[in-house]
Amino acid sequence: TFKTVFVPLPLKTTLALLNHHGKRTTDEEKKILNVLSSNIDKAIHSFKNKAAFIRLSTISPKDAVKQMHTKLMTILEDELESVPKGDEPGEIVAINRAVYKACKVNSGYEALELFRLSDRVAKHLKHRTDGVSEDKWNMNIVVREWNEILPEFEFRAYVKDKKMSALSHYYKSLYVKEIVTCKDEIEDMITKYFSSKIVGLVPLKDYIIDFVVDLKTKSVRVIELNPWSEASSACLFSWEDDEDVLFGKKPFEFRVMKNPKKDALEYISTPLRYMVYIFRPRDDAGRVKKLVDLTQNLFGKITKKLT
């Protein structure tokens, strides 16, 4: 897997990080966060490329990039250059790549900014810290060496009683023709890698594990290990409707999106969808005007790119 450094996150520091989200930090908490930033800096600078993907032990701040408008739009514009106009699945691939690349950090300060802007991290920490004592608290910041991967080739496996019960393409609304064409090959690569490298290494009976596949090099890498929890995404499965599959009561299944969704961009979060419309205005002039007006409210001056 990727080189990783764990930076301890004591409860007092966690509470300071939580207050940082609402910009309510005291002078003491600012000092605590400066120490945390320095510790993250040391972890990042231990990597050869001096760059990292950052997350907590339990959740990542990837939603924060939606608020980093200038950075995200610059990356998205570059990603869209190679996508033919009218190729909606290709536009969604470009969005995913842009979001992934926007998560790259080169310093502790940039890492703390991601956490500050992340609503999902704030909500998660608020829930986890409610009523907990220091001796019961266990949390780390996971600093993972940055690797240029193609996020559309990420897959999630569900392991029950040390057996892979299900495998899914990670993204619910993403059609990738190459994945459909090479579905059997991808399944074979991941299941063989799991059997030979993972099942004997992980001491847990039940867990969720994410892989990334490189079809050119015929390689599989582990992205991260997650606890077995219905709080984790079931991807193209459903915790309710596919319980028997996920829990290993029915035969193993591997699911990918076999065909593009109609109006697939409508399933993408609103800020990301509007960013695409800035660079790729649709033919419906009335609809575009409405979208531009909404986008201006969200992003302000950056919409000048449309004109």
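**Cysteines, a sheet, and enclosed spaces**

I begin with a cysteine: Cys 182 has 17% relative accessibility and therefore counts as buried, the cut-off being under 20%. Please keep in mind throughout that this is a predicted model.

As a reminder, a disulfide is a covalent bond between the sulfur atoms of two cysteines. Searching the whole structure gives 0 disulfides.

I turn now to the sheet. Three strands make up an open sheet, and their order is β1-β3-β2, with antiparallel pairing. The edges are held by β1, residues 4–8, and β2, residues 52–56; each has a single partner strand, so one side of each has no neighbour in the sheet. On average, and ignoring direction, neighbouring strands here are turned by 20° against each other. In general, strands of a sheet pair through backbone hydrogen bonds, in either a parallel or an antiparallel manner.

Let us go through the two pairings. Strand β3 spans residues 140–145 and pairs with β1 in the antiparallel sense over 5 bridges. Within β3, Val 143 is the bridge partner of Val 5, and Ile 141 stands opposite Val 7. With β2, strand β3 also runs antiparallel, and 5 bridges join the two. There, Leu 56 stands opposite Ile 141 of β3.

Is β3 enclosed or open to the outside? Of its 6 residues, 6 are buried, so β3 is largely enclosed by the rest of the structure. Both faces are covered: Asn 140, Val 142 and Arg 144 are buried on one side, and Ile 141, Val 143 and Glu 145 are buried on the other.

Helix α10, residues 270–279, is mostly covered, with 8 of its 10 residues buried. The buried residues of α10 are Leu 272, Arg 273, Tyr 274, Met 275, Val 276, Tyr 277, Ile 278 and Phe 279.

Next, the spaces within the model. The largest pocket holds about 1300 Å³ of space. Its lining consists of 42 residues, and those nearest its centre are Ser 60, Lys 62, Arg 120, Tyr 170 and Tyr 171. Two or more lining residues come from each of β2, α4 (88–102), α6 (119–129), β4 (154–160) and β7 (219–227). Which of these gives the largest share? The answer is α4, with 5 residues. Sorted by class, the pocket lining comprises 20 nonpolar, 10 polar and 12 charged residues.

There is also 1 cavity of 30 Å³ or more in the structure. The space in the largest cavity is about 30 Å³. Its lining is formed by Leu 17, Leu 18, His 21, Phe 115, Val 121, Ala 122 and Leu 125. The elements giving two or more residues to that lining are α1 and α6. By class, the cavity lining has 6 nonpolar residues, 1 polar residue and no charged residues.

Helix α1 covers residues 11–21, and Leu 11 lies in it. Leu 11 counts as buried, at 9% relative accessibility. Between the C-alpha atoms of Leu 11 and Val 213 the separation is 36 Å, and the two residues are 202 residues apart along the chain.

Finally, two backbone angles. Most residues other than glycine have a negative phi. Lys 23, which is not a glycine, has a positive phi of about 55°. Lys 23 is in the loop between α1 and α2 (27–45), and at 64% relative accessibility it counts as exposed. Asp 161 is not a glycine either, and it too has a positive phi of about 55°. Asp 161 sits in the loop between β4 and β5 (163–169). Is Asp 161 buried, exposed or partly exposed? With 45% relative accessibility, Asp 161 counts as partly exposed.

Thank you for your attention.

Definitions and conventions
Residues numbered from 1 in each chain as written. Predicted model: local features only at pLDDT ≥ 70, side-chain atom pairs only at ≥ 80, totals over all residues. Heavy atoms only, no water. Disulfide = S-S within 2.5 Å. Buried < 20%, exposed > 50% of the residue type's maximum accessible area, 1.4 Å probe, protein only. Pairing = 2+ DSSP bridges. Helix = DSSP H or I, 4+ residues; strand = E, 2+ residues; numbered from the N terminus. Axes fitted to C-alpha atoms, helices over the stretch in contact; angles between N-to-C directions. 1 Å grid on protein atoms, 1.4 Å probe; cavity = no way out; pocket = protein on both sides within 12 Å on 5 of 7 lines; lining within 4 Å. Points joined across faces, edges and corners; volume = space filled by probe spheres on them. Nonpolar A, V, L, I, M, F, W, Y, C, P; charged D, E, K, R; others polar.
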